[in-house]
Structure formats: structure tokens, C-alpha cells
Amino acid sequence: MAQLVCGLARRWCFGALGSPLQALHLQALPLHLGRTVMRASQKDFESALRQVKLWKKDPGNEVKLKLYALYKQATEGPCNLPKPGMMDLVNKAKWDAWSALGSLPKETARENYVDLVSSLSAASEPPSPAKPAADGEQAGGDLVVTSENHITTITFNRPAKKNAITTQMYRDIMLALQAASKDDSVLTVLTGNGDYYCSGNDLTNFTDIPPGGPEEKARTNAVLLREFVDYFIDFPKPLVAVVNGPAVGISVTILGLFDLVYASDRATFHTPFSPLGLSPEGCSSYTFPKMMGPSKAAEMLIFGRKLTAQEACAQGLVTEVFPDSTLQKEVWTRLRAYTKLPPNAVRTSREVMRSKGRERLHAVNAEECEALRQRWLSEECASAVLRFMSRKAKL
Ligand SMILES: CCCC/C=C/CC(=O)SCCNC(=O)CCNC(=O)[C@H](O)C(C)(C)COP(=O)(O)OP(=O)(O)OC[C@H]1O[C@@H](n2cnc3c(N)ncnc32)[C@H](O)[C@@H]1OP(=O)(O)O
């Protein structure tokens, strides 16, 4: 779901800005205290509308909701729409934002809109020219896949969104794993670009409701998730995670299916499923209790306790922790040395270690996905996504 956040936001927010404007007359307006000030004119408002359309950088959902609400208030007055249903997340967020403006006069809304746009335009930097890709590197994209020295590396590359995984990225990761299982690489590495390893599932994955409604969305998400996790269960070569920073949600749970997890001392491991109205996935309901014991697993998976890299290492989730400043050098040197080992012996050892548990993992995966399909239809989950989108809640 490449850049769905922006695409979606453009559809539901910027799209609204193109509608015909009501004629507004504004010059010097009296304020309550008797003094007069120059207020934003219709021309200022129209100019701000044009400016927004030219923005290259996504200003984020919170700002887009504010702009949407002010625009509607300025052009139509107080919210006059019926309240959308709980599961209609996008329209509910828009409705909430507009309704929150109450009986704010149109002129004030227009003035606030102009002020907001001008403050954001002043704060934004001029766009920098695109950096050309280095030799041998696949350019751009939310996922970058490289193959070098018998190591295939899959890099989450959405640093501005903390490497949250979109629907398209799930699909691209599966394609990359499929290719890596057949290429001449000995190891496959997952890592992140920027300050985060990965912030988990992109929470806006849940907002583009198809014609079949939320039930269809929950069903297709469950199918996608099951297939995605199956790829990790069945992957035939050693899987290595180089956890360069904080890891959240599904990027943590699937680590139980990896062979090696090397982490920066900056990394944290967080599975906040209950606060999100969700339940564990990635076979973690089976791998975590097996690895760290049921009570430590419960603290993470039920109560959302965030582990430091050292704690995760003590619980067996992380193989080794490195100082952030030397992580890359030390880990890649070690991985290159591992690729020199006889590849067939490496594969055979891994297969005998993994084969016995595979069937069980598939059954666990199916059960977790069914539980999640139901969770995604719950009001608890809908409220959590809404809270995130309106930026009142963070982890
Ligand atoms: C179909 C398969 C489904 C599989 C299901 C898996 C379950 C999970 O993975 S559950 C975990 C879901 N992830 C989260 O709940 C994390 C949500 N994000 C946050 O709480 C915070 O963003 C953060 C703690 C990760 C980082 O906070 P910080 O203050 O440093 O940065 P922000 O300003 O919040 O983030 C920057 C930018 O990135 C966007 N973003 C971050 N994480 C996500 C995400 N998971 N989904 C969508 N967008 C995310 C955030 O909205 C900001 O964007 P804007 O600049 O546009 O506002």
C-alpha cells in the first residue's frame, strides 16, 4: 500500500479543497473589544488553498484534519452532516474534526485556515533534490532489496513514517523472500532505514474500506497476514534481523521465526496489542512463551510491556546487542564471515532444527489470523485507530 497514508489523505482531505468556494466578503472587521484589525480576505483564503495543493510534503493526518475542518467551517458553516458509523473511520475522523469547531464564525475559520497554512509554509524547507541510488542498489521505494556478497538485504525504507508496513510492502516483502529463496544468497537480512527498525502495521491500512464493508476488509487483511507469516515459516535459508532502532507490533512478533536477531542498544521491542484492541500475530503466541516462558511472554503480548534491547536479549528474543555506533560494522563483518561457511551444511542444519515445528507454526498462524479478523471488527480496535489518526494517542 505504497504511500496510502498520503494517497488516502489527499482523497479525503485535499480532495475536498477543490470544491467551489462560496463568495465571502471580508475587509476590516470589528472585534469585541472595539478595535479593528485587518482580517484574511477571500483572496488570502483562495491563495492559501492554492498553496496547500502545491505542498510536496505530506503535513500529516492531524494537520490535514484541521485544514479539512476549517475549510468546511469557512465555506459551509457548522457541521451539517449526520454522524458516520463507528467503523467508517475516515469519515468519522473528519466529522469529529468539523463538529469540534462548533459555531465558530465562517470568517474566523477562514482566518484560522490562512494562519495555519502560512505558519506551515514558513516552517517547511524547500524540497531537496532526489539523491541518486548508489551502484548496485535498487532505487527508492518503501522497500529496498539488495543482493551482495551472498547476502540478500530487505530494508524497510519509509523513515518519515517510522517504517510502518503498508499493504503493498507486505506483498513486496513476500516477493523479495520468494526471490531470495531461489537466488545464490546464503543469508537473508531484514533491517530498517532511519531511526526506527519498524513501527509495525501501518494503522491506516484499516481505513480504505472496500465495497464489501469492514467484514471484507478484515477478511482480506487476515488472508494477507496469514500468507505473509507463512512465508517466514517456510523460508528455507537463515533469516537475520538487524534491528537498528525501535521495533513495534508485527516487526517484533515475527522475530520469533528468525535465526539471528542483532540489535542496536537503541532498539526497543514493543507489542501494544491490547491498547490497540488487537491480539498477537506472527506466531508469537506460541514462539514467545516457548522462548521466554509464559509469564514474560504475557507481560509483552497481553500487557504491552516494552523491552529494552538488553531485556529482549536476556529473554532470548535478541541474539546479541551492539553499541549503536558499531552495530553496522560489527554485524556485517560477522555476517560476511558466516556466508563463507559451506552453504549446504548451513541449510541442512537449519532444516533439521526447523522442520519439526513447522506444521505447528502453520496451525498457530491460522488461529491467530482468525482471532485478529474478529478483533479488527471490534469497537475497541476502531477507537484505537481513530485515536491514532487524530494523534491524541501515541504508544
Ligand atoms: C494486514 C496485516 C496486519 C498485521 C497487524 C499487525 C499489528 C501491529 O503491527 S500493531 C502495531 C501498530 N503500530 C503502532 O501502533 C505504532 C503507531 N505509532 C506510534 O505510536 C508512533 O508513531 C511511534 C511511537 C512509532 C513514533 O512516535 P514519534 O513521536 O517518534 O513519531 P510520530 O510523529 O508519531 O511518527 C512519524 C510519522 O510516522 C507515522 N507513523 C508512525 N507509525 C505509524 C504506523 N504504525 N502507522 C501509520 N503511520 C505511522 C506517524 O503518523 C507520523 O506521520 P505524520 O508525520 O504524517 O503525522
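Reply: In this predicted model, strand S5 (residues 187–192) is joined to strand S6 by four bridges, and the two strands run parallel. Strands pair if DSSP finds at least two bridges between them; strands (E, at least two residues) and helices (H or I, at least four) are DSSP runs, numbered from the N terminus.

How many residues of S6 are buried? Five of the five residues of S6 (residues 239–243) are buried, so this strand is largely enclosed by the rest of the structure. Here, buried means under 20% relative accessible area, exposed over 50%, and partly exposed in between (1.4 Å probe, protein chains only). In a regular strand, side chains alternate between the two faces of the sheet. In S6, Leu239, Ala241 and Val243 lie on one side, while Val240 and Val242 lie on the other. Both faces of S6 are covered, and the residues named on each side are all buried.

The wider sheet can now be put in order. Six strands form an open sheet with mixed pairing, and their order is S3-S4-S5-S6-S8-S11. Which strands stand at the edges? They are S3 (143–148) and S11 (320–322); each has a single partner strand, so one side of each is left without a neighbour in the sheet. On average, and with direction ignored, neighbouring strands of this sheet are turned by 20° against each other. Axes are lines fitted to C-alpha atoms, for helices over the stretch in contact, and angles run from 0 to 180 degrees between N-to-C directions.

Asn149 is located in the loop between S3 and S4. Asn149 is not a glycine, and yet its phi is positive, at about 50°. With a relative accessible area of 45%, Asn149 is partly exposed. The loop between S4 and H6 holds Asn163, another residue other than glycine with a positive phi, near 60°. Is Asn163 buried or exposed? Asn163 counts as buried, at 0% relative accessibility.

Finally, the sheet may be set against the whole protein. The protein has 14 helices and eleven strands. Of its 395 residues, 47% are buried. Among contacts with a separation of 6 or more, 75% are accounted for by residues 24 or more positions apart.

Residues are numbered from 1 along each chain as its sequence is written, and side-chain values use heavy atoms, without hydrogens and water. Local features need pLDDT of at least 70 and side-chain atom pairs count only at pLDDT 80 or more, whereas totals for chains, interfaces and linings use all residues.

Methods
Contact means heavy atoms within 4.5 Å.
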